Every structure is written in C-alpha cells, then in structure tokens.
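Dear colleague,

I am passing on the structure below, and I would be glad if you could look through it alongside the notes that follow.

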Amino acid sequence: MIPDKVVARIAARAAQEALATLPATPAAPSALTSPHASATTGGGAVRLRLTLDLPYPLDLAGAARHLQHHVSDRVTRLTGMHVTEVTLAIEHLAAADGQERHRVQ
C-alpha cells in the first residue's frame, strides 16, 4: 500500500506537469504558486484534491479538464491505483500582465 502522503506528492507533481503543458498564456509562471495535493486511499482506489493557481485569461473549463485528466492518468500509471475523483480548488487567477487587478469604485 502506498501512503496517502506519497500519492499526494505524485499528484502535485503531475499537476505541475499539466500546468506546464497548458496552451501558452501571457501570465508569468512566477506568478503561480506550486500546486498542493491531498489524497485519500483505500481498496486500491484514490480520491485527490488539488489546490492551485491558474493563469488568466484562459479557458478555465478546458484547463480544469486537462488537469484532471493528466493528474488522474499520471497517478494511475505511477501507483497502479484507480483514481475515482480529482477535485480542483483554484485559489487565484494570475493576470496576464502579472499585475494584481484592483477594482475601481
């Protein structure tokens, strides 16, 4: 049995790989923090939760599908476990110019 912590590290690394393969966006990669993951394993299956930043503008739905598919595939191949769920929590959207946007009131 592979510990949850190890599976989570694999998932975080896979998410980082997936972010690197997203369609080119003008957002600075340094504006994005590294993804964090948690895993819950049992019976040869795993549920994953990823917390990450995404560049913006970007097709968010498409990016989410890409991330979920890549992470699921990678974790399955590296651990042999069946991934039943990949939940994404998007913490921040990094603006294309790397600047924080402020709303004028």
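In this model, which is a predicted one, a polar atom of the side chain of Thr 79 lies 2.6 Å from the backbone oxygen of Val 75, and the backbone nitrogen of Met 81 is found 3.1 Å from a polar atom of that Thr 79 side chain. Thr 79 belongs to helix 2, which runs over residues 60-79, and it counts as buried because its relative accessible area is 15%, under the 20% cut-off. When neighbours within four places in sequence are left aside, the contacts of Thr 79 are Ile 2, Val 7 and Ile 10.

Val 7 leads on to helix 1, where it is buried together with Ala 8, Ala 11, Ala 12, Ala 14, Ala 15, Ala 18 and Leu 19. These residues cover an arc of only 165° around the axis, and they therefore sit on the same side of helix 1. An α-helix has 3.6 residues a turn, so residues three or four places apart point the same way. What do the buried residues of helix 1 pack against? Their partners are strand 1 (36-42), strand 2 (45-56) and helix 2, whereas on the other side of helix 1 Lys 5, Arg 9, Arg 13 and Ala 20 are exposed.

The length of helix 1 was also checked: its 17 residues (4-20), at 1.5 Å a residue, should span 24 Å, and the end C-alpha atoms are 25 Å apart, which agrees.

Methods
Residues numbered from 1 in each chain as written. Predicted model: local features only at pLDDT ≥ 70, side-chain atom pairs only at ≥ 80, totals over all residues. Heavy atoms only, no water. Helix = DSSP H or I, 4+ residues; strand = E, 2+ residues; numbered from the N terminus. Buried < 20%, exposed > 50% of the residue type's maximum accessible area, 1.4 Å probe, protein only. Polar contact = N/O pair within 3.5 Å; in protein donor to acceptor, adjacent residues only side chain to side chain. Contact = heavy atoms within 4.5 Å. Expected span 1.5 Å × (residues − 1). Arc of directions from axis to C-beta.
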